[in-house]
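Please open the model in your viewer and keep the sequence panel beside it.

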Amino acid sequence: MGTKDKDTQINYFVNSNNKNSFFIRQCTLEDLEGVITVNEKELPEDYPYFFYKSILNNFPKAFLVACSKNEKIIGYVMWRVERTPSINNLRLINKGHLVSIAVSSTYKRKGIAMALLLNSMQAIKTFKIIEYVLEVRVSNYSAINLYKKLNFKIESIKKKYYRDSEDAYYMTFKNINI
Ligand SMILES: CC(C)(COP(=O)(O)OP(=O)(O)OC[C@H]1O[C@@H](n2cnc3c(N)ncnc32)[C@H](O)[C@@H]1OP(=O)(O)O)[C@@H](O)C(=O)NCCC(=O)NCCS
């Protein structure tokens, strides 16, 4: 993706806190290294490079990065769409599934995750999804708080969901008219 495209996206996604210490834009292939660095520092769940690339190829508008003023990647969010049968009838429905979100330690608690989520949730909505879903470690107080602030509700517990056997809360948000 060329610089011109990137600039356009920067303008479109400009969404900063009051002090303008960060901005948000769509992720590019060149950003993946920075995304992976943040992921590896902040989360125990690592993914292979091709996984990031495939999410970027399939859902580019909902794969966002937060950058510091000097263009360093300081956070990211990525979503995918899953097509599942609805509970009431066997029609297939689309759900927006949060794949991963993280913000670098020194930039936490500045509203970056909130800005990443609000922008990416708008973007993934264009896939005609009927709800947003996610899994989060039951011990991840900050993330659970973040999702609750966005009105996600705990729907169920997925026992031993993570590789180290920790349980996950399955959280959903059904009112997609945000
Ligand atoms: C969870 C995480 C993404 C939040 O990022 P952030 O940019 O610091 O979050 P924000 O500043 O946008 O916070 C928004 C709200 O989330 C909640 N929150 C965020 N961090 C919190 C903390 N440490 N303690 C309690 N609540 C917290 C608060 O409600 C906060 O609103 P407030 O600051 O007005 O009280 C970040 O801590 C992180 O990267 N953690 C490691 C990766 C991770 O756990 N990802 C989620 C996997 S499911």
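What percentage of the 178 residues in the protein is buried? Buried residues make up 26% of them, where a residue is buried if 20 or more other C-beta atoms lie within 10 Å of its own, exposed if 12 or fewer, and partly exposed in between, with C-beta atoms placed from the backbone.

**Before you select anything**

This is a predicted model, in which local features need pLDDT of at least 70 and side-chain atom pairs count only at pLDDT 80 or more, while totals for chains, interfaces and linings use all residues. Residues are numbered from 1 along each chain as its sequence is written.

Colour the protein by pLDDT, the predictor's confidence in each residue, from 0 to 100. The mean pLDDT of the protein is 89, and 87% of its residues reach 70 or more. Now select residues 1–16, over which pLDDT stays under 50, and for which the model has 21 contacts beyond four places in sequence; two residues are in contact if their C-beta atoms, placed from the backbone, lie within 7 Å.

**The overall layout**

Switch to a cartoon view, in which you can look for five helices and seven strands; helices (H or I, at least four residues) and strands (E, at least two) are DSSP runs, numbered from the N terminus. Followed along the sequence, these elements give the pattern α-β-α-α-β-β-β-α-β-α-β-β. Of the contacts between residues at least 6 apart in sequence, 59% join residues at least 24 apart.

Next, select L64, A66, Y76, I112 and L116, the residues with the most contacts inside the largest nonpolar core, which has 37 residues. Such a core is a set of buried Ala, Val, Leu, Ile, Met, Phe, Trp, Tyr and Cys residues joined through C-beta atoms within 7 Å. Helix 4 provides the largest share of this core, seven residues.

Centre on Y76 and, leaving aside neighbours within four places in sequence, you will find Y76 in contact with C27, V35, V38, L64, V65 and A102.

Then select helix 4 itself, in which the buried residues include I112, A113, A115, L116 and L117, as well as N119, S120, M121 and I124. If you place a distance between its end C-alpha atoms, the model gives 18 Å, which agrees with the 18 Å that its 13 residues should span at 1.5 Å a residue, the expected span being 1.5 Å times one less than the number of residues.

**Around the ligand**

Move to the ligand, and show the 20 residues around it, of which K108, A113, M114, S142 and L146 come nearest; a residue counts here if its C-beta atom, placed from the backbone, lies within 6 Å of the molecule. Two or more residues of this shell come from each of strand 4 (92–103), helix 4 (112–124) and helix 5 (141–149). Which element gives the most to the shell? Helix 5 does, with six residues.

Colouring the shell by class shows eleven nonpolar, four polar and five charged residues, where Ala, Val, Leu, Ile, Met, Phe, Trp, Tyr, Cys and Pro count as nonpolar, Asp, Glu, Lys and Arg as charged, and the others, Gly among them, as polar.

Select I93, which is found in strand 4 and counts as partly exposed because it has 16 C-beta neighbours inside 10 Å. Not counting residues up to four places away in sequence, I93 touches T84, S86 and I130. From I93 to K128 the C-alpha distance is 8.6 Å, although they are 35 residues apart in sequence.

K128 sits in the loop between helix 4 and strand 5 (131–137), and is exposed, with 10 other C-beta atoms within 10 Å. Most residues other than glycine have a negative phi, but K128, which is not a glycine, has a positive phi of about 55 degrees.

For the last stop, select N151, in the loop between helix 5 and strand 6, where phi is again positive, about 80 degrees, although N151 is not a glycine. N151 counts as exposed because it has 12 C-beta neighbours inside 10 Å.
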